[in-house]
Amino acid sequence: MTRIFSGIKPTGHMTLGNYLGAVRQWVAAEQEPDDALFCVVDLHALTVEHEPARVRRLSRQAATLLMAAGLEPQRCTLFVQSHVDEHTRLAYLLECTATDGELRRMIQYKEKAAKAQASGEGVRLSLLTYPVLMAADILAYGAGEVPVGEDQRQHVELTRDLAVRFNQRYGHTFTIPKATLPSVAARVMDLQDPTSKMGKSHANGSGIVYLLDEPGVVRKKVMRAVTDSGDGAVVYDREARPGVANLLDILAACTGGDPAALADGYDGYGALKRDVADAVVELLRPLQERHAELAADPAQVDKALREGAGRARELARPVVDRAYEAIGLLAP
Ligand code: ATP
Ligand code: MG
């Protein structure tokens, strides 16, 4: 059985992009607790300017939303990254495996570093090393598959490179993982700026559908989505008509259709937007209902996280101990 691992950062409220690109794949892949690990990666949220109380609040909210989306603690291991020391223990060994050059080439580092620089806050060193900690998240569990959105593909590639390099130098230690992406909506775009990714940490939320947006808010955001100038025809062309293509991707992901085929059914943007809004509202309805129940019982979520961390620790410790030995450290 291939073990799968994936995570989400508590950097903002979860979005439709997070759900369609990643979380939905996690729910579909759930199996035995030891074979499916999902993590609220809170340490990664500290790589950019953050507010302590907000990170704490968003961590519990993320766990609650993941359970509301359908992750069941009996069928997967759901936990918080900072509760399991093995991640940071392993990250150091991987920092001794990665090079400065390969980390500086990461697209997300370049984008987020430019933003941090512009804000005058300075670039945290952890932003540069973040993909190494992410590699540790994955490799500590011997995960074979990492279900993520398209924007994380490069980091999973780096994880593979580090695992291969470590194994070659020090003997077989790590499973080589691969990214698995959904066939549609692997990169949901911002509704107001369809050339950039919908991201939960972005400041302007008018182009972002949050999982907890009320139906009226979802409708307003979708109806105001930027479409493309031109003849108003509905065709699926991500290069020439990114706004319309994004709406078709979202509709296809919600209804199970094919985006290009769906385009044939429309001769104007209005009807398309109405159908997208309806589909998203229906997709989110059960998740929001379940979230309201779970949010009223935070002890249930905390219990799942505590048990999850215990299981995760047991799985990670032998792998990380083996890596310590392989790299040349004297056993305590
Ligand atoms: P941030 O802006 O802080 O980076 P984010 O929205 O990108 O937040 P992450 O926690 O970085 O969220 O990513 C969680 C998962 O969601 C990852 O697997 C990522 O690939 C996926 N994901 C994020 N945004 C999108 C998107 N717009 N479309 C599809 N998948 C996405
Ligand atoms: Mg991200």
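**Briefing on the predicted model**

D231 is placed in the loop between α8 and α9 (242-255); helices (H or I, at least four residues) and strands (E, at least two) are DSSP runs, numbered from the N terminus. This is a predicted model, in which local features need pLDDT of at least 70 and side-chain atom pairs count only at pLDDT 80 or more, while totals for chains, interfaces and linings use all residues. Residues are numbered from 1 along each chain as its sequence is written, and chains are lettered from A and ligands numbered from 1 in the order in which they are written.

**Confidence of the prediction**

- The protein has a mean pLDDT of 96, where pLDDT is the predictor's confidence in each residue, from 0 to 100.
- A pLDDT of 70 or more is reached by 100% of the residues.
- For the complex, the predictor reports an ipTM of 0.99 together with a pTM of 0.97.

- D231 counts as exposed because it has 6 C-beta neighbours inside 10 Å; a residue is exposed if 12 or fewer other C-beta atoms lie within 10 Å of its own, buried if 20 or more do, and partly exposed in between, with C-beta atoms placed from the backbone.
- Between D231 and G268 there are 9.5 Å in space, C-alpha to C-alpha, although the two are 37 residues apart in sequence.
- E72 belongs to the loop between α2 and β3 (77-80).
- E72 is exposed because 12 other C-beta atoms lie within 10 Å.
- In sequence E72 and P33 are 39 residues apart, and in space they are 9.1 Å apart, C-alpha to C-alpha.

**Two buried residues**

- A185 sits in the loop between β5 (178-180) and α8 (215-223).
- A185 has 24 C-beta neighbours inside 10 Å and therefore counts as buried.
- The phi angle of A185 is positive, about 65 degrees, although A185 is not a glycine.
- D137 lies in helix α6 (residues 125-139).
- D137 has 27 C-beta neighbours inside 10 Å, so it counts as buried.
- Leaving aside residues up to four places away in sequence, D137 touches F5, G7, C39, V41, Q81 and H87; two residues are in contact if their C-beta atoms, placed from the backbone, lie within 7 Å.
- In an unreviewed entry, UniProt lists D137 under "binding site"; UniProt positions are given in the numbering used here, feature names are shortened, and annotations may be inferred rather than shown by experiment.

**Domains and their contact**

- The domain assignment divides the protein into domain 1 (4-181 + 297-327) and domain 2 (205-292); such bounds come from an automatic or database domain assignment.
- The C-alpha centres of domain 1 and domain 2 are 29 Å apart.
- Domain 1 gives 10 residues to the contact, and domain 2 gives 10 residues.
- On the side of domain 1 that touches domain 2, α1 and α2 (52-69) are the elements that give two or more residues.
- α2 gives the most to that side of domain 1, with 4 residues.
- The side of domain 1 that touches domain 2 has 7 nonpolar and 3 polar residues, and no charged residues.

Notes
Ala, Val, Leu, Ile, Met, Phe, Trp, Tyr, Cys and Pro count as nonpolar, Asp, Glu, Lys and Arg as charged, and the others, Gly among them, as polar.
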